[in-house]
Every structure is written in C-alpha cells, then in structure tokens.
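My entries follow in the order in which I made them.

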Amino acid sequence: MAEKPGAERPDDGGRGTLPRPLYERELYRLQAELVKLQEWVRTEGARLVVIFEGRDAAGKGSTIKRITQHLNPRVARIAALPQPTERERTQWYFQRYTEHLPAAGEIVLFDRSWYNRAGVERVMGFCTPAEHQLFLRQCPVFERMLVEDGILLRKYWFSVSDEVQEQRFRRRLGDPTRRWKLSPMDLESLTRWEEYSRAKDEMFVHTDIAESPWYVVESDDKRRARLNMIAHLLSTVPYHDVAPQTLELPPRPPATGYRRPPRDLQTYVPDHAAGLE
C-alpha cells in the first residue's frame, strides 16, 4: 500500500521485531516493578490515572492486559466505557468519566477516555462542531483541575502506520478469537485515515499541556511498544519499594475425623483434558 499523505509512520530504526525471549524477560521484570508501583499507590494513598488513546489496532488493549496481568484488580482497574445513554448525553460531557476516577490507593487505566470527543465523535459527526470546540477549550482546564487535586495523570497515544493497521485488521477477520474486536466503526478508520490524523493533530495542539503532556508510543512492533510504554510510565512516578508484610504459614492442625462425602453425591466437570492425551 502506498503511503498516504500525512500518514503516521513510526520509525523503528530498522530494528525489526524484538526477539520473544528478550521481550518476555524484560516484560516480567517490568511487571514486577508494576507490582511495586501498585503497593506504593496503595500504601501512600496515591491516585493514578493512565489514559490510552490512539489508532484502532495500535495495541492499546494488549498493553493494558500486560500491565494488569499481575496486579490486584481491587487496586488497579480498567475503565472502558460503552456508548453514552440518552441520559448521559444530556449531562456535562466530562460528568460520566469523573465517577470512574480513582480514590486514594487506586489506579485507573482508561481504555479510551474523554478524548472520544476529539477523535471518533469529531470525525464521525457524533458531536457538533460547537461541542467539539467546547471540548478543546474545557479539556485542558479539566485536566489541570485533576492534577492540582493531586491525581497523577499520564496520557499515551499509540501510533501505528496505515500498512500495519490494515494487516492487523485482516488478521482479526480471520481469527475467531479476535473477530469481536472489529466493528464497522473500526473499518471506517481505514477510509478516514487522514481525517483522524487531522483530528489528532488538532487535539494535540490544544491538550498537549505542561501539566498533562501527551506521550507518543510507536507501536508497529507491539512488543517494543509494550515495553517502552510500561518503562516510561514507571519512570514518571516517584514510587519506591514498600516492605511487604511478614507472613508465615501456620501449622496445620491435627485431623479431627472429617471424611469427604462420596464422589457420587456430587456433580463433577467432565475430564475434557483426558481426551487430548
């Protein structure tokens, strides 16, 4: 496919795909650091918000999965909001997002966020030009309020080239486990590539502010993207290792005569795995 004018084309410096053994070793190390970050957030009562935005199929969801893989879901949760209800459409635009912000000791990862208005809503005509301009004026004010109140706000834009995006879409079409990730709205992004590029550029002009800057993640290579994003996030938070509570296994008490009920009194799951051997 020929490059389209204005297309995002991450430069990997000719490095190619990161080898899996190297990737998995570093990912595990970073995930261990994320656990330390989680415990610091929990014990210090910090509030961390991480926003994931970018092109469809740019790797946002897979990165979020790697971040949360070993974290406590009571501390770190994902906010992936559905389409607004009729009632929510009549509210202040940011209102439905504020209820998902973290309390003390919590991490919230926004898989898409209030920036829907600057992206898909603007390109697809789901908001009026006046609503879009109002968002661009209010968003920096809203985010400054969050930061002034003590929330640690991090914003990541996942950038992918048009060729790689199309390749990933085609793989999803042929994979029954990932077919659900494709929607007519996703496919529209192929024919509206330049419109999305212009919308993103305008969004950055208004919302890439000192208090909450945008960080761009080049994601043609998903492995590099995940490692780069996680390492950067860790580098921006002043966390430290929190000494874990000392735990010891108690001695098992002596048996008191309990006998397990006969197996035929309970319904067991069939041994499906036995048929694979």
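Entry 1, Arg42. I looked up Arg42 and found it partly exposed, at 44% relative accessibility. My cut-offs are under 20% relative accessible area for buried, over 50% for exposed and partly exposed in between, with a 1.4 Å probe and protein chains only. Arg42 forms a salt bridge with Glu39, and their closest N and O atoms are 2.5 Å apart. I count a salt bridge when a side-chain nitrogen of Lys or Arg lies within 4 Å of a carboxyl oxygen of Asp or Glu. Glu39 is also partly exposed, at 23%. The two sit three residues apart in helix H1, so about one helical turn separates Arg42 from Glu39. Helices (H or I, at least four residues) and strands (E, at least two) are DSSP runs, numbered from the N terminus.

Note on the source. This is a predicted model, in which local features need pLDDT of at least 70 and side-chain atom pairs count only at pLDDT 80 or more, while totals for chains, interfaces and linings use all residues. Residues are numbered from 1 along each chain as its sequence is written, and side-chain values use heavy atoms, with hydrogens and water left out.

How many salt bridges does the rule give? I get 21. One of them joins Lys36 and Glu33, at 3.1 Å from N to O. Lys36 and Glu33 are three residues apart in H1, and therefore about one helical turn apart. Lys36 is partly exposed at 28%, whereas Glu33 is buried at 18%. I also noted the pair Glu88 and Arg96, whose side chains meet at 3.6 Å, N to O. Glu88 is partly exposed, with a relative accessible area of 23%, and Arg96 is buried at 8%.

I looked up how H1 (residues 20-44) lies on H10 (residues 222-236): the axes come within 10 Å and cross at roughly 25°. Axes are lines fitted to C-alpha atoms, for helices over the stretch in contact, and angles run from 0 to 180 degrees between N-to-C directions. H1 and H10 are therefore roughly parallel to each other. Angles under 35 degrees count as roughly parallel, over 145 as roughly antiparallel, 65 to 115 as roughly perpendicular and the rest as oblique. The crossing of H1 past H10 is left-handed, that is, the near helix is turned anticlockwise from the far one by less than a right angle. Contact here means heavy atoms within 4.5 Å. On the H1 side I listed residues including Tyr23, Leu27, Glu33 and Leu37, and on the H10 side residues including Arg226, Ile230 and Leu234.

Is Gln165 buried or exposed? Gln165 is buried, at 0% relative accessibility. Gln165 lies in helix H7 (residues 162-173). Beyond its neighbours within four places in sequence, Gln165 contacts Arg55, Asp56, Ala57, Val160, Ser189, Leu190 and Trp193.

Entry 5, whole chain. I count ten helices and five strands. The C-alpha atoms fill a box of roughly 75 × 50 × 45 Å along the principal axes. Of the 277 residues in the chain, 42% are buried. Among contacts between residues at least 6 apart in sequence, 81% join residues at least 24 apart.
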